[in-house]
Amino acid sequence: MNWFACYTLFKKEIARWVKVWLQTVLAPVVTALLYLFVFGHVLEGRVEIFPGVSYTQFLVPGLLMMTVIQNAFANTSSSLIQSKVMGSIVFILLPPFSALEMFLAYVGAAVARGLAVGFGVFLLAVFYAHVPIDNFFIVLTFAVLGSYTMGAMGLIAGMWAEKFDQIAAFQSFLIVPLTFLSGVFYSIKSLPPFWYEMSKWNPFFYMIDGFRYGFFGQSDQPVLVSFAAMLAAASVLTLVCVMMLKRGYKLRDA
Amino acid sequence: MGEPDGSPNFFLLTFCKRACILTHSPENAISLRGVSKRYDSLQALNNVSLDIKQGEFFGLLGPNGAGKSTLISALAGLLRVDNGELSVMGANVQTDYRRARQNLGVVPQEIVMDPFFSVRETLQFQSGYYGVRNNDEWIDELLEQLNLADKADTNMRKLSGGMKRRVLIAQALVHKPKVLVLDEPTAGVDVELRQSMWRFVRRLHREGHTIVLTTHYLEEAEELCDRIAIINKGEVIALETKEDLLARGLGSKLLVRATHTIETVPKEYQDRVTRLEGNELEMIIHRDSDSVMEILDRLRAASMKIDFVSVLSDSLEDVFVRLTGEQEGQ
């Protein structure tokens, strides 16, 4: 394991999104806050999901996690597709990186961006709503696991896609629907039985639900179930990603 | 000394020695054995075998689509071949890819760049990818040698095409590889820049780097390379020293100027005439089988009053065109 090479790629991936922070950090923070203001304003006082938790309070962790995972996905997928389309991927393929070094660097940078954007949303959301944190360790664990999983998924999408619109399709037809249907804006317990059961097959639900537990100490599913689901998803995606990188799937000509 | 023939250790030793000769020959910077690659109906590389010795300035020539870039990509690990083995400084590019890539610097044909970073950042990152720390001194020297020092902190997007190409060379050299592959490095580069680039590459060669050059400018290959391989339709059709290649079989042209307009040429030479204008005649001569004196005697016998004679050697371009043309005709 060449840690220095891995660290350099991680540093470069961080520098890439930091240089365009308006687009990569500020824009998603503003979008999340707009959701919070609009939905909070319309639904505050009308819906109580957990006892003693207002709707706006309930909404904050969901929006926060949604922003974290969407940005983690965007980071790896856009970095890879950009460098593939522009040809600069050659600078990563020529050096003696192992598959694991590449994976850790890319996903590490995605986690960093996810956490940065999430922290930005939290920092501004607390001015609008009182958001209690029941267990900071659980909050952090789920934020890291969620962004890690989505960073890995972004890496897969980036390897698979050959054009920008394929990444956009991946985002529009998979990531966004699964996020919106994961309980960001509602508790899945409020759904009809069929959709309730279906939601349990949505891995994004466990990201949001476990993360929310860290804030309120209450959730739709036991937090350990969510943790186990997240750990399983992260492990499978890690395995798939590393194997794809090792094969050079759509990166190195087979 | 007491190891009897046929013992397991003896066989192991013999096997290791053979393996070393095949794939780890220390004098070879690059070694290819039976390399083949097919894209659907196109045989991009067909059983290519060649060795490039350490310290050589090697030219890899061929028409567009001949397989040069495929070969370089295979060497750099950018694609997997269907058959065969490739090694760089004795390290197999698949099984010992870390050592192979550490020893190899590749200047890609296309001008590519990461638009987020300055020239210095680009080189610092590239250096780190190879695990090289504290490399600022060498980076500064590269910037100086490639006339990029004043652009060190300029964003890559703001550089001209020639400058971007020089950054590509710096990126290929930033980890001090023993073997440098230049894939058409002077395409679209102005004369002055081309000359300064070659001065630098020559210096690297003098310092012991192995240089592999592909270029469309055959005069560059003729001037720089010690040995040349011509590749066409995925096959190596010539692999010789530059001198041997230039002296290959046919070789020369005879230029004759007469004191009068040349009307006719003796029948036996008519199919060799390449130019007949006014008082000048140019014709192919076969170095091995022709006697210039005999040809001149026959021309004189055909009432030609000869004023001036010159023998023109084939250029690499002539040899290249002839060899690739011959293969086309097959």
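Trainee: How many residues does the contact take from chain A and from chain B?

Mentor: In this predicted model, the contact takes 21 residues from chain A and 25 residues from chain B.

Trainee: Which elements of chain A give two or more residues to the side that touches chain B?

Mentor: They are α1 (3-19) and α4 (90-93) of chain A. The largest share of that side, seven residues, comes from α1(A).

Trainee: And how do the residues on that side divide into nonpolar, polar and charged?

Mentor: The side of chain A that touches chain B has 12 nonpolar, four polar and five charged residues.

Trainee: What does the model score for ipTM and pTM?

Mentor: The ipTM is 0.86 and the pTM is 0.80.

Trainee: Staying with confidence, where in chain B is it lowest, and where is it highest?

Mentor: Confidence in chain B is lowest in helix α1 (residues 8-23) of chain B, with a mean of 43, and highest in helix α4 (residues 119-129) of chain B, at 95. Over residues 1-24 of chain B the pLDDT is below 50. Beyond near neighbours in sequence, this stretch has nine contacts in the model. Where pLDDT is low, the predicted coordinates should not be read in detail. For chain B as a whole, the mean pLDDT is 82, and 85% of the residues reach 70 or more.

Trainee: Turning to chain A, how many helices and strands does it have?

Mentor: Chain A has 10 helices and zero strands.

Trainee: Why does the radius of gyration of chain A agree with a compact globule?

Mentor: A compact globule of 254 residues would have a radius of gyration near 18 Å, and chain A has 18 Å, so the two agree. Along the principal axes, the C-alpha atoms of chain A fill a box of roughly 60 × 35 × 35 Å. Buried residues make up 48% of the 254 residues in chain A. Among the contacts in chain A with a separation of 6 or more, 82% join residues 24 or more positions apart.

Trainee: Back to chain B: which domains is it divided into?

Mentor: Chain B is divided into domain 1 (19-242) and domain 2 (251-313). The C-alpha centres of these two domains of chain B lie 44 Å apart.

Trainee: In what order do the four strands of the open sheet in chain B come?

Mentor: The order is β2-β1-β4-β5 (chain B), with antiparallel pairing. β2 (42-53) and β5 (91-92) of chain B stand at the edges with a single partner strand each, so one side of each is left without a neighbour in the sheet. Strand β4 (residues 83-88) of chain B is joined to β5(B) by two bridges, and B:Ser87 has B:Asn92 as its bridge partner in β5(B).

Trainee: Which strand of chain B pairs with β6(B) in the parallel sense?

Mentor: It is strand β7 (residues 179-183) of chain B, and the pairing runs over four bridges. B:Gly105 stands opposite B:Leu180 in β7(B).

Trainee: Which residues of β6(B) point one way, and which the other?

Mentor: B:Leu104 and B:Val106 point one way, B:Gly105 and B:Val107 the other, and all are buried. In a regular strand the side chains alternate between the two faces of the sheet.

Trainee: Last topic: how many residues lie between β9(B) and β10(B) in their hairpin?

Mentor: Two residues lie between them, and B:Lys233 in the turn has a positive phi of about 50°. Strands β9 (residues 227-232) and β10 (residues 235-241) of chain B are antiparallel and pair over six bridges. B:Arg227 stands opposite B:Thr241 in β10(B).

Definitions and conventions
Residues are numbered from 1 along each chain as its sequence is written. Chains are lettered from A and ligands numbered from 1 in the order in which they are written. This is a predicted model: local features need pLDDT of at least 70, side-chain atom pairs count only at pLDDT 80 or more; totals for chains, interfaces and linings use all residues. Two residues are in contact if their C-beta atoms, placed from the backbone, lie within 7 Å. Ala, Val, Leu, Ile, Met, Phe, Trp, Tyr, Cys and Pro count as nonpolar, Asp, Glu, Lys and Arg as charged, and the others, Gly among them, as polar. Two strands pair if DSSP finds at least two bridges between them. pLDDT is the predictor's confidence in each residue, from 0 to 100. The radius of gyration is taken over C-alpha atoms; the globule rule is 2.2 Å times the number of residues to the power 0.38. A residue is buried if 20 or more other C-beta atoms lie within 10 Å of its own, exposed if 12 or fewer, and partly exposed in between; C-beta atoms are placed from the backbone. Domain bounds come from an automatic or database domain assignment.
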